[in-house]
Amino acid sequence: MHELRTRVLAEVRKVVVGQDDVVDALLIALAARGHVLLEGPPGTAKTLLANAFARALGLDFRRAQFTPDLLPTDLTGTMTLVGGALGELAFRAGPVFTNVLLADEINRTPPKTQAALLEAMGEAQVTVDGTTRALPDPFFVVATQNPIEYEGTYPLPEAQLDRFTLKVEVSAPPRDVEVAMLGLRHEGVRPATLGDVVPIGDSTASAIALLGSIRADVDATLANEAVVGYVVDVVRATRQLPAVALGGSPRAAVQLLAASKAHARLQGRSFVTPDDVAAMAPPVLRHRLVLRPEAELERYRPDDLVAAALQTVTVPR
């Protein structure tokens with residue numbers, strides 16, 4: 001997985017600079033069989049990054065632009081008439097039938113359409129007209145949303161947020177990176193495009209096989225009893241914070257352990273340490289905490305609350 005990261009970063013950097021941490025988060029979530037919610041202001045390359053990431057891995061990629069008039073069948077697919085007036089009904093697959101689905105501006109569509117992704121993300125299948133159809137393996141959702149503009153948006157409910165393994169906050173790159181990026185454009189160098197991103201494998205099948213091997217390694221990553229207890233204690237500690245109305249669920253503990261295993265592999269280790277858990281706690285838990293009204297008025301940040309939970313738990317040695 002460490003070698004895969006190096007190769008994927010080399011390709012993604014051709015079109016997106018200064019977002020290496022986001023690429024790491026995407027790899028961790030994909031290896032942990034999860035999904036990612038990217039939140040950041042416009043112009044921070046969230047859409048471009050997701051597309052480049054899929055291209056670098058050589059996986060099938062489709063994009064769904066979430067709008068107020070988007071219907072659930074626009075995502076999952078529908079039964080259509082083929083062969084003329086006397087033809088037969090056939091299933092026309094929607095964009096969820098892919099390896100990497102970009103749910104762009106997911107909070108721009110009503111809850112009914114948002115909910116169409118629940119079954120897909122949780123069980124890797126969709127049900128249309130009473131028939132259940134399996135999605136390709138792997139199936140990985142990268143959703144984006146803009147935290148600045150809330151007019152005309154539909155905030156994701158807790159059940160939907162809980163389906164995302166990680167919530168990653170995407171910000172502008174450092175100043176020196178922006179200066180270098182603009183300097184290249186003014187020196188007459190042709191800006192790189194998605195067409196310059198070369199898949200690291202020979203085919204989609206080889207990419208899927210490689211990902212299967214990596215996921216097997218992540219599953220086999222060792223986490224001793226003390227580390228597992230630490231994961232549970234951290235999640236339980238979020239439920240005891242005075243500013244929190246709803247803390248992390250048992251699913252959050254499962255996801256935190258899986259993400260910690262993938263993080264350990266990304267660091268080149270075959271075992272989980274408390275540092276892996278602490279590193280993954282903010283992206284795993286920040287979107288799962290429901291604050292009390294008075295805490296929202298005082299503008300508590302979820303990351304600060306996760307840090308407070310970590311401080312209350314004894315780190316195993």
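Here is a chat about the cores, a threonine and a hairpin in this predicted model.

Reader: Where should I look in the largest nonpolar core, like which residues touch the most other members?
Author: Go for Met1, Val8, Phe53, Phe140 and Leu166, out of the 70 residues in that core. Helix 2 (residues 20–31) gives the largest share, nine residues.

Reader: OK, and what is Val8 in contact with, leaving aside its neighbours within four places in sequence?
Author: Val23, Phe53, Ala56, Leu57 and Ile200.

Reader: What about another core?
Author: There's one of 22 residues lying apart from the largest one, and its members include Leu101, Ala116, Leu117 and Met121.

Reader: Switching topic: where is Thr109?
Author: In the loop that runs between strand 5 (100–104) and helix 5 (111–123).

Reader: Is Thr109 buried or exposed?
Author: Buried, because its relative accessible area is 0%, and the cut-off for buried is under 20%.

Reader: So what does its side chain reach?
Author: The side chain of Thr109 reaches the backbone oxygen of Thr67, at 2.9 Å. Not counting residues up to four places away in sequence, Thr109 touches Phe66, Thr67, Pro68, Leu70, Gln114 and Tyr154.

Reader: Now strand 6, which residues are on the covered face?
Author: Val126 and Val128, while Gln125 and Thr127 make up the uncovered face.

Reader: Why two faces?
Author: Because side chains in a regular strand alternate between the two faces of the sheet.

Reader: And how does strand 6 pair with strand 7?
Author: Antiparallel, over four bridges. Thr127 sits opposite Thr132 of strand 7.

Reader: Which residue in that hairpin takes a positive phi?
Author: Asp129, near 55°, in a hairpin with two residues between the strands.

Conventions: Residues numbered from 1 in each chain as written. Predicted model: local features only at pLDDT ≥ 70, side-chain atom pairs only at ≥ 80, totals over all residues. Heavy atoms only, no water. Core = buried A, V, L, I, M, F, W, Y, C linked by side-chain atoms within 4.5 Å. Buried < 20%, exposed > 50% of the residue type's maximum accessible area, 1.4 Å probe, protein only. Contact = heavy atoms within 4.5 Å. Polar contact = N/O pair within 3.5 Å; in protein donor to acceptor, adjacent residues only side chain to side chain. Pairing = 2+ DSSP bridges.
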